[in-house]
Every structure is written in C-alpha cells, then in structure tokens.
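I opened this model to look up helix packing and salt bridges. My notes follow in the order I made them.

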Amino acid sequence: MNIEKNQIEQHNDALSSTHQQRFNNLKSEWSHIDIEAILKKLVDFQIAIPSWALGTGGTRFGRFATGGGEPTNLEQKIEDVGLLHALNNSSGAISLHIPWDIPQNPEQIKSLAAGYGLKFDAVNSNTFQDQPGSPVSYKFGSLQHVDKAVRKQAIEHNIEVIKQGVALGSQSLTVWLADGSCFPGQLNFRQAFENTLSSLQEIYAALPSDWKMFVEYKAYEPNFYSTTVGDWGQSLLYANKLGDKAYTLVDLGHHLPNANIEQIVSLLLMEGKLGGFHFNDSKYGDDDLTTGSIKPYQLFLIFNELVEGMDAKGMDHATGLGWMIDASHNVKDPLEDLLQSIEAIMIAYAQALLVDRKALVAAQQNNDVVACQEILQHTFRSDLRALVAEARLRAGAALSPLNLYRSLGCRKTLIQQRGQNTVATGL
C-alpha cells in the first residue's frame with residue numbers, strides 16, 4: 001500500500017502543537033549545542049532494510065503468521081520498505097538476500113525501488129542452505145569444505161550474487177558463513193582457514209573496483225564446536241589478507257554474552273577495517289530481537305564510539321559505513337518491529353551526537369571516572385524523541401510513524417490486498 005502525502009500532513013498537523021512544545025523545551029535544554037547541525041545529520045542518516053525481515057521469522061522451533069498480508073515476491077517487499085520509508089524517511093535502502101530474492105528483471109526492479117525513493121544496499125549470499133538442484137551439499141561447510149567441488153559451487157554462487165548486485169546498483173557483498181564443526185576432531189582448523197581464505201580470494205578477485213566485501217563473523221551456531229569465522233579477530237585476519245576492499249561486518253547478536261562490542265567497533269574503525277553493522281538485540285545469543293529492546297545503553301555506547309571514531313577520521317556518518325537491520329520478527333508485525341528498531345537506532349545516534357566530547361576527554365585525561373560516567377549517562381538519560389521526530393518532520397515524514405501505521409490500518413489493508421494466509425519468501 002502507499003501512504004499519501006496528505007495523510008502524513010494531517011497526522012503531523014494533529015500532533016504539531018504538542019511536538020513543538022517538546023522540541024522547544026529540548027532546544028532550551030541543549031542551547032549550547034548546534035541543534036540545526038544535529039538535525040541535518042539525523043535527516044541524512046539512512047538504515048537499510050533486509051528483504052528477509054519483512055515476513056515473520058518465528059521462534060527457533062516454529063513460524064507463526066502475523067495474521068496475513070506478508071509479501072510473497074520481491075516487488076511486494078520493495079513496496080513494504082517504501083511504506084516504511086514514507087513513514088520515517090530513514091529507511092532509504094533495501095538489502096537483498098540471494099537466492100531468496102532474485103530479480104527477474106533488474107531494470108524494472110531498480111525503477112520500482114526508485115519510485116519509492118529506495119536504492120539497493122549490500123547483496124547477501126547464501127551458502128548455509130542447500131538450494132534445489134544443487135549438485136553438492138553444504139552439510140559440512142561451503143568455502144571451507146574439504147571437497148573442492150563444494151568450494152567451487154560456493155564461490156560461483158557468490159560471484160553470481162555480485163553480478164546480481166551490479167545490475168541493481170549495489171556496491172557491496174556481505175559474506176556470512178555457517179562453516180565450522182560440531183565435534184572435536186571433525187576438521188583441521190588450519191586447513192579450514194586456508195580453504196576459506198583461498199575461496200574468499202577468488203570471490204574478492206571478482207569484485208568491481210568500486211565494491212566492498214564485508215566478512216561477517218559469528219561466535220557459534222549452526223555449528224557449536226568451532227566456527228571458521230568465529231569472531232572479529234578472525235574476520236579481521238581475512239579482511240587484511242584479502243585487501244583494501246575487504247572489511248569486517250559486525251552483527252550485534254553474533255557475540256558471546258557480555259562481549260564489549262563498543263570496544264570491538266572502536267578498534268576496527270581505528271584500523272580502517274570496520275565495514276558496517278547488522279543491528280538487532282539479544283538477551284542470550286543471536287536472538288535477533290528488536291534493536292534497543294534489551295540493551296539500549298549498549299547501543300548508545302556503540303554509537304558513542306562510532307561518532308567519536310568517525311569524526312576522528314573525517315568520515316561521513318551517513319555513507320562511511322554500511323547500516324542495516326538484521327532481525328527475525330518472531331511474534332510481532334514485522335513492519336511495526338522495523339519501525340521500532342529504526343526509532344531506537346536514530347535515538348541512540350542522536351544521543352551520541354550530543355555527548356560533550358570536550359568534557360569527556362578532559363575527564364578521561366584526569367582519570368575522573370565519576371565525571372566520565374556522568375557525562376555519558378546525562379546524554380543517555382535525556383529524552384531526545386522530539387529531536388528525532390523533528391528530523392522526520394523536516395524530511396516530510398511522520399512525527400509518530402508507528403501511530404500513523406496503526407491508525408491507517410496498514411496491516412489490515414495489506415491483508416485485504418494480499419490475503420490472509422500469505423507467507424513471505426526467504427526465512
């Protein structure tokens with residue numbers, strides 16, 4: 001479905017008085033900050049939506065329908081991302097997973113996406129599932145496999161994904177591998193690393209000159225004894241050995257419990273090897289929950305390091321790294337979940353922009369631990385929702401995207417258009 005401009009305007013008019021009061025109060029509280037410069041950064045900041053996040057992912061043991069209206073093809077997925085972008089003007093890109101979403105007519109798909117103000121972000125390969133008609137299986141790995149024929153199949157798939165991305169105007173490939181082992185002695189660690197590196201080198205050689213390769217890591221799952229790209233150190237090893245176009249990608253759910261992700265991203269950024277993010281949240285492992293729903297303070301601390309590190313390198317916040325949500329909307333309406341995630345990301349980014357850096361540096365240099373904590377927590381505990389809403393207002397989006405989505409009965413309309421028993425392609 002499409003949201004008309006007048007519907008957004010009517011929604012904003014009804015909320016404008018209350019919003020203006022809250023925004024004026026915020027400006028007064030932060031009068032020492034260049035709020036206009038902050039607003040521009042918020043307007044420019046865009047978060048890519050993955051094509052697989054538009055249907056219900058379910059729990060680990062089952063998939064439960066949202067109640068209908070799920071997108072059954074790529075065109076409908078683009079329509080859903082367009083709906084999100086109309087509501088918040090912060091979802092201006094879509095990231096495709098191949099082969100779940102293979103464009104039959106790339107030019108037509110590009111044109112459709114452009115009509116919604118969308119571009120194509122990173123393309124994602126899949127060697128963690130056997131595809132129909134595949135001559136060999138990934139049961140014991142893909143790029144690491146002891147059988148050269150399996151490695152060749154996985155390499156060719158990734159190169160095909162690059163070609164699909166080129167046709168759509170994408171400029172990056174994300175490689176996540178399920179490769180590893182479930183039991184001691186199952187594989188030779190060094191051989192697995194060397195096979196994976198050799199395979200990645202062939203894929204890297206196929207990258208266009210203006211492309212990037214993101215090497216994603218994960219501590220465990222689906223293999224539980226070892227993972228061939230199990231942490232940021234292993235990913236960094238691959239990226240350094242591959243070359244200047246290879247980077248580490250950080251998924252917030254792909255770490256062992258209590259890992260200091262903010263320190264990881266700081267060091268990767270310092271080394272020029274941080275490629276981007278998959279945003280989500282977790283309580284126990286790779287839970288793929290709504291961003292900011294479990295550990296909002298950690299999300300803020302991560303953005304605090306990002307803003308400090310990117311500014312130190314003179315990087316553009318909006319384009320310097322790849323920003324994407326990667327979540328499995330197990331019991332929620334996926335579009336509502338995504339709206340909540342984007343809101344949480346924008347708030348955390350706004351908080352990081354408002355940190356008093358000079359005061360923080362001075363406190364750090366004086367080893368004033370109490371002051372350091374106070375500076376960070378003052379910003380984190382400040383209610384910046386009006387600031388993020390003002391950025392949306394200036395971008396022509398809704399002051400309260402989730403409320404507008406609900407008041408317009410968007411899910412009900414999608415059910416009427418697509419049916420009650422639709423199941424999204426992919427997951």
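**Entry 1: a helix pair.** I began with helix 6 and helix 7, which are oblique to each other. The model is predicted, so I keep that in mind for every entry. Helix 6 covers residues 189-205 and helix 7 covers residues 232-242. I looked up the angle and found about 45 degrees, with the axes 10 Å apart.

Which residues meet here? From helix 6 I listed Phe193, Thr196, Leu197, Leu200, Gln201 and Tyr204. From helix 7 I listed Leu237, Tyr238, Lys241 and Leu242. I sorted the residues of this contact into seven nonpolar, two polar and one charged.

**Entry 2: salt bridges.** Next I searched the whole structure and got 14 salt bridges. I followed up three of them by name.

**Entry 3: Asp80 and Arg418.** The closest N and O atoms of this salt bridge are 2.8 Å apart. Is Asp80 buried or exposed? Asp80 has 0% relative accessibility, so I noted it as buried. Arg418 has 13% relative accessibility and also counts as buried, because the cut-off is under 20%.

**Entry 4: Arg406 and Glu336.** I found 2.8 Å between the closest N and O atoms of this salt bridge. The partners are 70 residues apart and again link distant parts of the chain. Arg406 belongs to helix 14 (residues 401-407), while Glu336 belongs to helix 10 (residues 334-353). Their accessibility took two look-ups. Arg406 is exposed at 56% relative accessibility. Glu336 is buried, with a relative accessible area of 15%.

**Entry 5: Arg394 and Glu390.** These side chains meet in a salt bridge at 2.8 Å, N to O. Both residues lie in helix 13 (residues 385-394). They are four residues apart, which means a separation of about one helical turn. I read Arg394 as partly exposed at 41% relative accessibility. Glu390 is buried at 7%. I then looked for shared partners and found that salt bridges join Glu36, Glu390 and Arg394 into one network.

Technical notes. Residues numbered from 1 in each chain as written. Predicted model: local features only at pLDDT ≥ 70, side-chain atom pairs only at ≥ 80, totals over all residues. Heavy atoms only, no water. Salt bridge = Lys/Arg side-chain N within 4 Å of Asp/Glu carboxyl O. Buried < 20%, exposed > 50% of the residue type's maximum accessible area, 1.4 Å probe, protein only. Helix = DSSP H or I, 4+ residues; strand = E, 2+ residues; numbered from the N terminus. Axes fitted to C-alpha atoms, helices over the stretch in contact; angles between N-to-C directions. Parallel < 35°, antiparallel > 145°, perpendicular 65-115°, else oblique. Contact = heavy atoms within 4.5 Å. Nonpolar A, V, L, I, M, F, W, Y, C, P; charged D, E, K, R; others polar.
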